[in-house]
Amino acid sequence: MTIDSGAEIYQCIDDLTVSLDDGVLAVTLNRPDSLNSLTAPMLRTFAETLERAAGDSRVRVVRVSGAGRGFCSGAGISEEDHANPGATGTPADVLDAANRCIRAIAALPQPAVAVVHGAAAGVGVSLALACDVVLASEKAFFMLAFTKIGLMPDGGASALIAAAVGRIRAMRMALLAERITAREAYDWGLVSAVHPADDLAAEVDTVIGTLVSGPAVALRKTKAAINAATLTELESALELEKTGQLALLDSHDFREGTKAFQQRRAATFTDS
């Protein structure tokens, strides 16, 4: 299915829906049964959508959200994902596609607004934080769960989180894999605002309305200047994370961590 905005065509797939209405390009992660776990096709379509939007004068704001109970649970590691890599992509495919997506969000001239309700975990945290405004429900939480399965943060998390909350809190999130509540995330500076769940939609509409009616050129130049000042290490982080993650994906600890996750038991890590 495609949506024709005139100059650009935006592709929809079952797992990622896209709509353009009154200057707002809405991109929705649509795998609610897995809390919107990510596949390579989803991420590639997401990246292609943003790359097209960058040159589409009709798009004034991009809205990123998740269907169902959560924003995004990260890369898919379910039995279904592992059993069908041709459809979902190998872990390396997902990593490459995620990095392309993060680059596309950061390079997007228009403001991007992430709407986070429920879980934002793994690379889902990176997708949210790559956006320029992050609006969260009080029921939301953020978690870098990578070390629980023998991996390291990816999707630019090393740079994106440190830029938002500083080195020490970034280390805490990455090393300890703790769940950070929406209120803690706001207090730390990880999100722009937190609202009661029932009020979130109205608050999102207000923020997006302000951006849509704002001075497009000034907003774009402002975004570019702030990103240039704060995300200087994003590209190097993406490359370092990719190198490290590809090695970890071939490790005993990752195989053990994934098996333990699927079997709902504590992992026994032995690599040194």
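Visitor: Which helices and strands each supply at least two residues of the lining of the second largest pocket?

Guide: They are α5, β8 (133-137), α6 (157-165) and α10. Helices (H or I, at least four residues) and strands (E, at least two) are DSSP runs, numbered from the N terminus. The model is predicted, so local features need pLDDT of at least 70 and side-chain atom pairs count only at pLDDT 80 or more, while totals for chains, interfaces and linings use all residues. Residues are numbered from 1 along each chain as its sequence is written, and side-chain values use heavy atoms, with hydrogens and water left out.

Visitor: What makes a space a pocket and not a cavity?

Guide: Both are found on a 1 Å grid over the protein atoms alone. In a cavity a 1.4 Å probe fits but cannot get out; a pocket is an open set of points with protein on both sides within 12 Å along at least five of seven lines. Lining residues have an atom within 4 Å of a point.

Visitor: How much space lies in the second largest pocket, and which residues are closest to its centre?

Guide: The space is about 500 Å³, where a volume is what is filled by probe spheres set on grid points joined across faces, edges and corners. Of the 22 lining residues, Cys131, Asp132, Val133, Ile226 and Asn227 are closest to the centre. Helix α10 gives the most to this lining, with six residues.

Visitor: How many cavities of 30 Å³ or more does a search of the whole structure find?

Guide: The search finds one. The largest cavity holds about 40 Å³ of space. Its lining consists of Arg60, Gln110, Pro111, Leu211, Ala216, Leu219 and Arg220. Helix α10 (residues 216-230) gives the most here, with three residues.

Visitor: Why is Ser126 called buried?

Guide: Buried means under 20% relative accessible area, exposed over 50%, and partly exposed in between (1.4 Å probe, protein chains only). Ser126 has 2%, so it is buried. This residue is found in helix α5 (residues 123-130).

Visitor: What makes the pairing of Ser126 with Gly155 a polar contact?

Guide: A polar contact is a pair of N or O atoms within 3.5 Å; within protein, one must be able to donate a hydrogen and the other to accept it, and residues adjacent in sequence count only if both atoms are side-chain atoms. A polar atom of the Ser126 side chain lies 3.2 Å from the backbone oxygen of Gly155, and that distance therefore falls within the limit.

Visitor: Where does Thr49 lie, and is it buried or exposed?

Guide: Thr49 lies in helix α1 (residues 40-53). Its relative accessible area is 1%, so it is buried. The Thr49 side chain reaches the backbone oxygen of Thr45 at 2.8 Å.

Visitor: Which of them is buried and which exposed?

Guide: Asp22 is exposed because its relative accessible area is 67%. Ala177 is buried because its value is 4%.
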